[in-house]
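The sequence and the structure come first.

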Amino acid sequence: MLKENLSFIGVCALVFAALLGLAYLFERTVCHDLQRRSRSRNISYVAMFSALGGVLMLLEIPLFFAPGFYKMDLSELPVLMSAFYLGPVAGVTTELLKVLLKLLLKGTSTAFVGDFANFVVGCTFVLPAAVIYHHHKTRRSAIIGMAVGTLCMTVFGSLFNALYLIPKFAELFHLPIDQIVAMGTAVNKGITSVPTLVLFAVVPFNLIKGIVD
């Protein structure tokens with residue numbers, strides 16, 4: 001058990017480092033219009049946006065077409081504001097801090113798998129949106145960036161659920177995957193396997209979340 005959990009924590013740390021490095025690379029090569037601000041000012045804004053995101057994570061909205069462990073929240077809104085105002089690195093940092101704050105306030109009901117998913121999938125929405133916006137800062141580029149971010153979140157989130165998150169959830173909870181699929185079948189008879197769970201629950205979940213945000 002300890003070895004499994006340490007392995008999961010290691011994967012989380014590596015993914016965060018990779019996303020932060022990717023955001024820094026984008027800032028150095030693509031985002032040419034970032035304003036220079038004092039470090040203390042940036043920290044203050046990141047802290048504020050993270051606090052807003054952490055609180056919004058507590059307000060979960062169940063969806064009628066998905067099993068109970070898929071719940072939508074609006075916590076990406078302050079993360080998106082942070083990334084649009086301060087840049088991609090601030091966006092990734094805010095994404096991580098709001099998840100950590102939520103864990104401090106409420107803990108986890110998904111063995112941290114859902115929280116990890118919220119961070120990673122959220123970054124796939126916020127990062128493309130912020131990079132496109134900062135490359136050419138206009139209202140049109142903001143809308144295009146959020147549309148691209150929604151598409152990236154939907155595609156990546158679906159594959160990530162199918163290939164890693166659902167099997168990891170089953171492993172950490174010592175549940176057969178068929179039992180997880182059965183939770184989906186209870187709300188949608190068309191869900192009979194992991195691919196159909198992703199198609200009928202995860203894909204619309206991410207699309208709706210991106211559109212609402």
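## Basis and helix 4

The model is predicted. Helix 4 runs over residues 88–106. Helix 4 has 19 residues and spans 27 Å between its first and last C-alpha, close to the 27 Å expected at 1.5 Å a residue. After helix 4 comes Gly 107, with a positive phi near 80 degrees.

## Helix 4 against helix 5

Two packed helices are described by the angle between their axes and the distance between the axes. For helix 4 and helix 5 (residues 113–135), the angle is about 155 degrees and the axes are 9 Å apart. Angles over 145 degrees count as roughly antiparallel, and helix 4 and helix 5 are therefore roughly antiparallel to each other. Their crossing is right-handed.

On the helix 4 side, the contact involves Pro 88, Gly 91, Val 92, Glu 95, Leu 96, Lys 98, Val 99, Lys 102 and Leu 103. On the helix 5 side, Asp 115, Asn 118, Phe 119, Gly 122, Cys 123, Val 126, Leu 127, Ala 130, Val 131 and His 134 take part. By class, this contact of helix 4 with helix 5 holds 11 nonpolar, four polar and four charged residues.

## Phe 119

Phe 119 is located in helix 5. Its relative accessibility is 4%, so Phe 119 counts as buried. Beyond residues up to four places away in sequence, Phe 119 touches Val 92, Glu 95, Leu 96 and Val 99, together with Phe 16 and Leu 19. Phe 169 lies 50 residues from Phe 119 along the chain, and their C-alpha atoms are separated by 16 Å.

## Helix 3 against helix 5

Helix 5 also packs with helix 3 (residues 76–86): their axes come within 9 Å and cross at roughly 35 degrees. This crossing of helix 3 and helix 5 is right-handed. Helix 3 contributes Glu 76, Val 79, Leu 80, Ala 83, Phe 84 and Tyr 85, while helix 5 contributes Asn 118, Gly 122, Phe 125, Val 126, Ala 129, Ala 130, Tyr 133 and His 134. The contact of helix 3 with helix 5 divides into 10 nonpolar residues, three polar and one charged.

## Two buried lysines

Lys 168 belongs to helix 6 (residues 139–173). With a relative accessible area of 9%, Lys 168 is buried, because buried means under 20%. Apart from neighbours within four places in sequence, Lys 168 is in contact with Phe 8 and Val 113.

Lys 209 is placed in helix 8 (residues 194–212). Lys 209 is buried too, with a relative accessible area of 7%. Leaving aside neighbours within four places in sequence, the contacts of Lys 209 are Met 72, Asp 73, Glu 76, Asn 118 and Met 153. Lys 209 and Met 72 are 137 residues apart in sequence, yet 6.8 Å apart in space, C-alpha to C-alpha.

## Pro 176

Is Pro 176 buried or partly exposed? At 47% relative accessibility, Pro 176 counts as partly exposed. Pro 176 sits in the loop between helix 6 and helix 7 (177–185). Pro 176 and Tyr 85 are 91 residues apart in sequence and 44 Å apart in space, C-alpha to C-alpha.

Technical notes. Residues are numbered from 1 along each chain as its sequence is written. This is a predicted model: local features need pLDDT of at least 70, side-chain atom pairs count only at pLDDT 80 or more; totals for chains, interfaces and linings use all residues. Side-chain values use heavy atoms; hydrogens and water are left out. Axes are lines fitted to C-alpha atoms, for helices over the stretch in contact, and angles run from 0 to 180 degrees between N-to-C directions. Helices (H or I, at least four residues) and strands (E, at least two) are DSSP runs, numbered from the N terminus. Angles under 35 degrees count as roughly parallel, over 145 as roughly antiparallel, 65 to 115 as roughly perpendicular and the rest as oblique. A crossing is left-handed if the near helix is turned anticlockwise from the far one by less than a right angle, and right-handed if clockwise. Contact means heavy atoms within 4.5 Å. Ala, Val, Leu, Ile, Met, Phe, Trp, Tyr, Cys and Pro count as nonpolar, Asp, Glu, Lys and Arg as charged, and the others, Gly among them, as polar. The expected span of a helix is 1.5 Å times one less than its number of residues. Buried means under 20% relative accessible area, exposed over 50%, partly exposed in between (1.4 Å probe, protein chains only).
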